[in-house]
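Let's go through this structure together, asking at each step what stands behind the words. Here it is.

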Amino acid sequence: MRIGNRDFDTANKTYIMGILNVTPDSFSDGGKFDKLDAALFHTEEMIREGADIIDIGGESTRPGYTVISDEEEISRVTPVIRAVKERFDIPVSVDTYKGKVTCAALQAGADLVNDIWGFKHDREVARYTAEYQAACCLMHNRHEAVYQNFLEDLVSDMEECVRIAKGAGVADDKIILDPGVGFGKNYELNLETINNVDILHRLGYPILLGTSRKSVIGLALDLPADQRVEGTLATTVIGVMKGCAFVRVHDVLQNKRVIQMTEAILGR
């Protein structure tokens with residue numbers, strides 16, 4: 001698939017989406033990169049370490065997060081998007097579920113829309129994504145972790161996200177699916193999601209796995225967010241082996257190396 005000016009071999013490779021939170025309250029790195037100079041320095045660092053996409057978020061979506069206004073989110077992300085696009089030759093993603101923010105981010109140069117609600121929260125996100133011919137990552141989410149048959153419900157929910165995207169005019173080759181580890185799931189369901197992430201292959205779209213430093217790793221290892229690198233790497237290996245095209249991570253260098261080693265073993 002093509003994102004921005006770059007082609008991605010999603011059938012045979014696993015690529016890295018580097019996380020750039022320009023927020024004061026993200027669960028793992030809140031406040032570290034919310035100033036433009038710091039954000040650009042970290043972007044340069046992630047590119048040097050092997051990031052293939054930079055994902056810029058202006059509102060924390062950690063458990064218990066505070067919703068901010070569209071205007072505040074726009075004021076956080078658009079200057080960073082513009083600056084990254086001006087200085088670096090790398091596709092940029094915007095992490096938002098709001099129509100107005102999506103429009104402003106795409107105008108600022110974003111190439112991909114990463115929506116934690118899979119276009120279900122605000123249908124304008126899908127409309128603007130189609131209008132700008134941008135790529136999108138549709139994440140699975142629910143308000144409550146209540147399911148009849150978890151994996152089948154997960155697939156069904158993702159099918160609904162795809163229908164919304166295609167109904168708005170988003171092309172098939174612009175869609176990525178994210179099973180939503182940490183969202184609308186308890187600890188056991190998060191582990192089941194990671195272990196069965198390849199079930200989404202039945203829908204025919206590239207898969208993104210986003211587990212970096214998340215609570216499922218903290219609970220499994222009994223470790224705080226800043227000590228979850230090894231746990232994240234284990235999930236990345238699983239993702240590569242199960243054919244995920246993308247992983248969304250904080251620690252780019254370590255994940256890049258573990259992807260390269262896993263792909264070497266698999267002969268990719």
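Q: How many disulfides does a search of the whole structure find?
A: The search finds 0 disulfides, a disulfide being a pair of cysteine sulfur atoms within 2.5 Å. Please keep in mind that this is a predicted model, where local features need pLDDT of at least 70, side-chain atom pairs count only at pLDDT 80 or more, and totals for chains, interfaces and linings use all residues. Residues are numbered from 1 along each chain as its sequence is written, and side-chain values use heavy atoms, with hydrogens and water left out.

Q: What makes C136 count as buried?
A: Buried means under 20% relative accessible area, exposed over 50%, and partly exposed in between (1.4 Å probe, protein chains only). C136 has 0% relative accessibility, so it counts as buried. C137 is buried too, with a relative accessible area of 0%.

Q: What makes the link between the side chains of R6 and D52 a polar contact?
A: They are joined at 3.0 Å. A polar contact is a pair of N or O atoms within 3.5 Å; within protein, one must be able to donate a hydrogen and the other to accept it, and residues adjacent in sequence count only if both atoms are side-chain atoms. The value is therefore inside the limit.

Q: How do you know that the buried residues of helix 9 line one face?
A: Helix 9 covers residues 252-266, and V252, N255, V258, I259, T262 and E263 are buried in it. Seen down the axis, the buried residues of helix 9 fall within an arc of 135°, so they line one face; the arc is that of the directions from the helix axis to the C-beta atoms. The face turned away from this buried side carries the exposed residues R257, M261, A264 and I265.

Q: What covers the buried residues of helix 9?
A: The cover includes strand 3 (15-21), helix 1 (36-49), helix 8 (229-241) and strand 10 (246-249), where contact means heavy atoms within 4.5 Å.

Terms used:
Helices (H or I, at least four residues) and strands (E, at least two) are DSSP runs, numbered from the N terminus. The expected span of a helix is 1.5 Å times one less than its number of residues.
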